[in-house]
Amino acid sequence: MSLLKYEVFQTIVDLGSLARAAETLGLTQSAVSHALSSLEDELGCVLMIRNRTGVRLTANGERVLKHVRNMLGCHEQLKQEVAAINGIEAGMIRIGTFSSISINWLPGIIRRFREEHPRIEIRLVNGDFDEIEEGLKNGTIDLGFMSLPALGNFETIPLREDRMVCIVPEEHHLSGMERITFAQMEQESFIMPTPGCDQDVMRVLQKLPCQPRVQFLAGDDYAIIAMVENGLGISIISEMILKSRGSRVAMLELETPCSRSLGIVVPSRKQASPAVHKFIELARRWVEEWRLPS
């Protein structure tokens, strides 16, 4: 059975465009349109509505999509198993990640992985924690770097503890202090990560008897640092994020030490492909050797 029409369908959904799907798959747009129509004829239902603005799934398309993803995922695992049996490494890994991991860990991990496994393709999908969890659920990514514990019913591989700290402007009256109390934090304007990016900070704030005075929301860690640099408030951030770039802020320890646990999340280690297993083991070895910038 040819799986091309199913791969075409999935790619159109992921990219939201027949033209972009054609470019990604190396096909003409008419070939992509024909494959989609052929699949709809085979299944006896309309999967997508096409219009000038793009495409959208029908209700039937939504129902079919999850089974198509499962089928293509199983086919990818089969290809990798057969390749391994024949002494050949092949396959693809789709990795969900967020900014601090993408900047500090993934370049080194991927470089070493490509040195050891040059025939395995890696695709990165950047997003917040909610988007990574959704990708794991619907099968669009194979593994995700997350702050643990993850909310979904996944298997986790802890990698490292990352200390949470408070940052204040360099000219702030508390900048010379070694530690900040929660009572002092409650008196300051606070810059909060946006929902989906705020799990680590929320775990710290749960320890406060009162919540801080949130003045701004920002979805990017480095935007938060820049806002603190400009005197717009204080915030809580991970030490790894802070030390990954130069900044004009002062770092204070929290009254009660807190950290986030970083790790890899997969839907099922038992059902993961050989390529995913190889990546997990290499990532664990690499992180054990990694040192936080001083």
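W105 touches S100, F145, L159, R160, M240, L262, W286, V287 and W290, leaving aside residues up to four places away in sequence. Contact here means heavy atoms within 4.5 Å. This is a predicted model: local features need pLDDT of at least 70, side-chain atom pairs count only at pLDDT 80 or more, and totals for chains, interfaces and linings use all residues. Residues are numbered from 1 along each chain as its sequence is written, and side-chain values use heavy atoms, with hydrogens and water left out.

W105 belongs to the largest nonpolar core, which has 37 residues. A nonpolar core is a set of buried Ala, Val, Leu, Ile, Met, Phe, Trp, Tyr and Cys residues joined through side-chain atoms within 4.5 Å. Buried means under 20% relative accessible area, exposed over 50%, and partly exposed in between (1.4 Å probe, protein chains only). I93, W105, I109, L143, F145, I264 and F279 touch the most other members. Among the elements that each supply at least two residues of this core are strand 3 (91-97), helix 6 (106-116), strand 5 (143-148) and strand 12 (258-266). Helices and strands are DSSP runs, numbered from the N terminus (helices H or I, at least four residues; strands E, at least two). Helix 12 gives the most to this core, with 8 residues. A second, separate core of 20 residues includes Y6, V8, L39 and L65. In soluble globular proteins, nonpolar side chains tend to be buried together.

Now helix 2 (residues 18-25). Its buried residues are L18, A21 and A22. Seen down the helix axis, they fall within an arc of 100°, so they line one face of helix 2. The arc is that of the directions from the helix axis to the C-beta atoms. The cover over these residues includes helix 1 (4-15), helix 3 (29-43) and strand 2 (54-57). At the start of helix 2, a side-chain oxygen of S17 comes to within 3.2 Å of the backbone nitrogen of A19. Just after helix 2, G26 has a positive phi of about 70°.

E76 lies in helix 4 (residues 59-85) and is buried, at a relative accessible area of 17%. Its side chain reaches the backbone nitrogen of M92 at 3.0 Å.

Next, the strands. Strand 6 and strand 10 pair in the antiparallel sense over 4 bridges; pairing requires at least two DSSP bridges between the strands. M164 stands opposite S238 in strand 10. From strand 10 (residues 235-238), S235 and I237 point one way and I236 and S238 the other, and all are buried.

Charge pairs come last. A salt bridge is a side-chain nitrogen of Lys or Arg within 4 Å of a carboxyl oxygen of Asp or Glu. By this rule the count comes to 16 salt bridges. R260 and D162 form one of them, at 2.9 Å from N to O. This pair links distant parts of the chain, R260 in strand 12 and D162 in strand 6, 98 residues apart. Both R260 and D162 are buried. R163 pairs with E253, the closest N and O atoms being 3.5 Å apart. Here strand 6 is linked to strand 11 (residues 249-254), across 90 residues. R163 is partly exposed, at 29% relative accessible area, and E253 is partly exposed at 26%.

Helix 12 holds a local pair. R284 and E281 form a salt bridge, with the closest N and O atoms 3.7 Å apart. They are 3 residues apart in helix 12, so about one helical turn separates them.

Note on methods:
A polar contact is a pair of N or O atoms within 3.5 Å; within protein, one must be able to donate a hydrogen and the other to accept it, and residues adjacent in sequence count only if both atoms are side-chain atoms.
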